[in-house]
Amino acid sequence: MGNPAFRTSKRPKPSSGPSRRRHPAGHHHLLVLLPSAVAVAVAAMDGDPSRQVRVRFVTKLPPPLRAPPAAIAVPADLTRMGLSEIVNSLLAAAEPDHQTQPFDFIVDGELVRLPLQEFLLAKGISAERVLELEYVKAVAPRKQEEPCPHDDWVSAVDGSNSGFILSGCYDGFARLWKDAAVCTQILEGHADAITSARFINKRSETEGSLHVVTGSKDRSLRLYKCDTSVSMDYPKRVGAYKILRGHTASVKSISVDPSGDMLCSGSWDNTIKLWAVERSEDDDAVSLKKRRMNSDSSGPEESQLEGSATSTLLGHTQGVTSVAWPEQKTIYSASWDHSVRQWDIQTVKETWNMFCGKALNCLDCGGEGSSLIAAGGSDPVLRVWDPRKPGTLAPVFQFSSHSGWITACKWHPSSCFHLVSSSFDGKVMLWDLRTAWPLASVDSHEDKVLCADWWKGNSVISGGADSKLCISSGIHIV
């Protein structure tokens, strides 16, 4: 017969200090210290001892957010919302100025997304033991910033720079947004919609300048250098200093190598091309052209380089929709031919492939050791594979809460658990590998969401067919 669960008193003494009560026989070493108001609240939830679970709240959060470590009995049907209420009550009792906030709870490395009793049953955990619940700040946006308007679909975003957001638009322009609020530069030159835009985070990046690459339906890539040191009241128009030509169909995706010296592009011509960011002096494939930036003959002449690819990776049988360059020697690609492929840059050969049965739209590498591959495509399921496990095509994780095709997926830059995804269903969702349920579903768009990324580690940015760049901020990820 199991030990009886401890019940907090329904009639605590009216003193302002903590109520103190011993456990039943056999548990004299466990003491519960509950503020009176919390004891009343917990007891009011469910007074039936047979439907209670003893828990201890622990956390890695700093001291102001640390609840008393003593074990208490709580109703077995509590969800994470009820648990969050109790933790907030405990914190408020110790610190009157505590601001109530949502928490998530982890047991044995998994987030609790069921009522406690159901969770314990599903995981085979005894309800007789004291359950240790680690609480963390809930991962959900606290604020929707004012959206940044565009003239057409926002098809590309990059949040890898903490001071600026880069967006690409179907009007053929890319834009730099300072602090997610003011458009400081408009990058021009493409003859068709922009489909991809990336910061080139060069090791030798000088203060006040940013390098950017864009890809377009016009089959070209363009390189820009933007002077961000000069503040102005209106967007400055910037022309490309180099055009990369060679694809025979729309450029769909771009990724920059970790050093910032090379980049790769995936195209609807079924190929992946590698390009040098800078012109080498002995590169015969690069020609220097003079052109006038303005139709007015008195306008300034500006030198513009044209470059061709250093290598072409062949193997996909349909359009290459996404490329990722997570480490110096390895590129990953996703395609409408239903495959994910790994490429060795030195040999320019495919070293691994996996067919998943779905046309793919997006891919990103992350997780522990950046060794997991997340991809989404022509169904509502975001899948994660581990290429280190040969001989199996089964995803190690699947997330199925979207209701439309998935258009983008990105790992958090510093967390091996968290991802963001966007979909034609108009939603942006935040995920944690420790639960199959989304942490948050963001409904800031009024139409299909075409792209998404993290920004500054605590915000999510997204672009959509509603011609808006949206910023959801205040996301706490430990």
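**Close-up views of a predicted chain**

**Figure 1. A salt bridge joins Glu446 and Lys468.** The side chains of Glu446 and Lys468 meet at 3.4 Å, taken from N to O; a salt bridge is a side-chain nitrogen of Lys or Arg within 4 Å of a carboxyl oxygen of Asp or Glu. Glu446 lies in the loop between strand S36 (440-442) and strand S37 (449-455), and Lys468 lies in strand S39, so the pair ties together parts that are 22 residues apart in sequence. Helices (H or I, at least four residues) and strands (E, at least two) are DSSP runs, numbered from the N terminus. Glu446 counts as exposed, at 67% relative accessibility, whereas Lys468 is buried, with a relative accessible area of 17%. Buried means under 20% relative accessible area, exposed means over 50%, and partly exposed lies in between (1.4 Å probe, protein chains only). The model is predicted: local features need pLDDT of at least 70 and side-chain atom pairs count only at pLDDT 80 or more, while totals for chains, interfaces and linings use all residues. Residues are numbered from 1 along each chain as its sequence is written, and side-chain values use heavy atoms, with hydrogens and water left out.

**Figure 2. Strand S39 is largely enclosed by the rest of the structure.**

**Figure 3. Strands S8, S9 and S38 pair with S39.** Two strands pair if DSSP finds at least two bridges between them. Strand S38 (residues 459-464) runs antiparallel to S39 and is joined to it by 4 bridges; within this pairing, Val460 has Ser472 as its bridge partner. S38 and S39 form a hairpin with 3 residues between them, and Ser467 in the turn has a positive phi of about 65 degrees. Strand S8 (residues 143-144) is also antiparallel to S39, with 2 bridges, and Lys143 stands opposite Ser473. Strand S9 (residues 148-149) pairs with S39 in the antiparallel sense over 2 bridges, and here Cys148 stands opposite Leu469.

**Figure 4. The largest nonpolar core has 26 residues.** A nonpolar core is a set of buried Ala, Val, Leu, Ile, Met, Phe, Trp, Tyr and Cys residues joined through side-chain atoms within 4.5 Å. Val55, Phe57, Phe105, Leu131, Leu133 and Tyr135 have the most contacts inside this core. At least two residues of the core come from each of strand S3 (52-58), strand S4 (72-75), helix H2 (80-94), strand S5 (103-107), helix H3 (116-123) and strand S7 (131-137). Helix H2 gives the most, with 5 residues. In soluble globular proteins, nonpolar side chains tend to be buried together. Contact means heavy atoms within 4.5 Å. Leaving aside neighbours within four places in sequence, Leu133 is in contact with residues including Val55, Phe57, Leu83, Phe105, Val112 and Leu116.

**Figure 5. Gln101 is buried in the loop between H2 and S5.** The relative accessible area of Gln101 is 17%. Apart from neighbours within four places in sequence, Gln101 is in contact with Leu65, Ser84, Asn88, Lys137 and Arg142.

**Figure 6. Further salt bridges involve Asp151 with Arg175 and Arg383 with Asp379.** The side chains of Asp151 and Arg175 meet at 3.7 Å, N to O. This pair links distant parts of the chain, 24 residues apart: Asp151 is in the loop between S9 and strand S10 (154-158), and Arg175 is in strand S12 (residues 174-178). Asp151 is exposed, with a relative accessible area of 66%, whereas Arg175 is buried, at 7%. The side chains of Arg383 and Asp379 meet at 2.9 Å, N to O. Arg383 is buried, with a relative accessible area of 13%, and Asp379 is buried as well, at 9%. Arg80, Asp104 and Arg113 are linked in a network of salt bridges. The count of salt bridges comes to 19.

**Figure 7. The whole chain has 3 helices and 39 strands.** Of its 478 residues, 53% count as buried. Among contacts between residues at least 6 apart in sequence, 51% join residues at least 24 apart.
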